[in-house]
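Biologist: I am new to this structure. Please take me through its aromatic rings, and look closely at one pair.

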Amino acid sequence: PYEYEPPPHKFISPSREWGLNLHLEGAALGSGAQHNASMGGLGAGLRFKPTRYIGLESNIDFVGGHGYNGDQRNETALTFNGLLFLNPRDRAQVYLLAGFGWSWAHSQNDPSDPAASPFDQHYSYFGGQAGIGLELRLTRTLAFNIDFRGFVRSRTDELAQSQPEFTNATTGQTTNTSGGGLLTGGMTLYF
């Protein structure tokens, strides 16, 4: 007689759950005006899944490094996202995300560059983001996540109208709108 082999077990996450996410991140900003743009940091978030398919998350992130203009820069961001899990019954779950947020930056000239003009500036921004990610559920309570988020934002501080942040050296055009990408990776503890 033939032996019956049961189909592979599908992972079933709870229909409603909360999660605490901790992550590292790197920013993709392009090479920048001084060809040294690179930023990285860490963050934490709270995730609520009212159903297996839908999630809501809020994050606070801290990044630092060299900004697009070659300056030393640190930023704090507060974001809110909606998540759509495409295959929530699998251990490896693909999700889409979209949301909005605010960020605050402190930028100053790089002290290691003697040719840099001295400045010390504070900026604030509002913008949106969207992306795609993968969550690998190791157990019902532990998951690893990786995602890529593209963002676009515009300055909201009081000097935005009189002192644009970016100037094209060739054309003289100015803007206070910026964008880039964030690659994040971390873990979520569900409860």
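Modeller: Start with the rule. Rings of Phe, Tyr and Trp, the last by its six-membered ring, pair if their centres lie within 6.5 Å. The model here is a predicted one. By this rule, nine aromatic pairs are counted.

Take the pair of Phe85 and Tyr95. The centres are 5.4 Å apart, and the planes make an angle of 40°.

Now place the two residues. Phe85 belongs to strand β4, residues 72-85. Tyr95 belongs to strand β5, residues 92-108. The pair therefore ties together parts that are 10 residues apart in sequence. Phe85 and Tyr95 are both buried.

Tyr95 has a further neighbour. The charged end of Arg47 sits over the Tyr95 ring, at 5.6 Å from its centre. Tyr125 has an arginine over its face too: Arg153, 3.8 Å from the ring centre.

Aromatic rings also gather in a group. Phe80, Phe100, Trp102 and Phe126 make up one aromatic cluster.

Last, some strand pairing. Strand β2 covers residues 38-49 and pairs with strand β1, residues 17-28, in the antiparallel sense over 11 bridges. Within this pairing, Leu20 has Leu46 in β2 as its bridge partner. β1 also pairs with strand β10, residues 177-190, again in the antiparallel sense, over 10 bridges. There, Glu25 has Thr184 in β10 as its bridge partner.

Methods. Residues numbered from 1 in each chain as written. Predicted model: local features only at pLDDT ≥ 70, side-chain atom pairs only at ≥ 80, totals over all residues. Heavy atoms only, no water. Phe/Tyr/Trp six-rings, centres within 6.5 Å; stacked < 30°, edge-to-face > 60°. Helix = DSSP H or I, 4+ residues; strand = E, 2+ residues; numbered from the N terminus. Buried < 20%, exposed > 50% of the residue type's maximum accessible area, 1.4 Å probe, protein only. Lys NZ or Arg CZ within 6 Å of the ring centre and 35° of its normal. Pairing = 2+ DSSP bridges.
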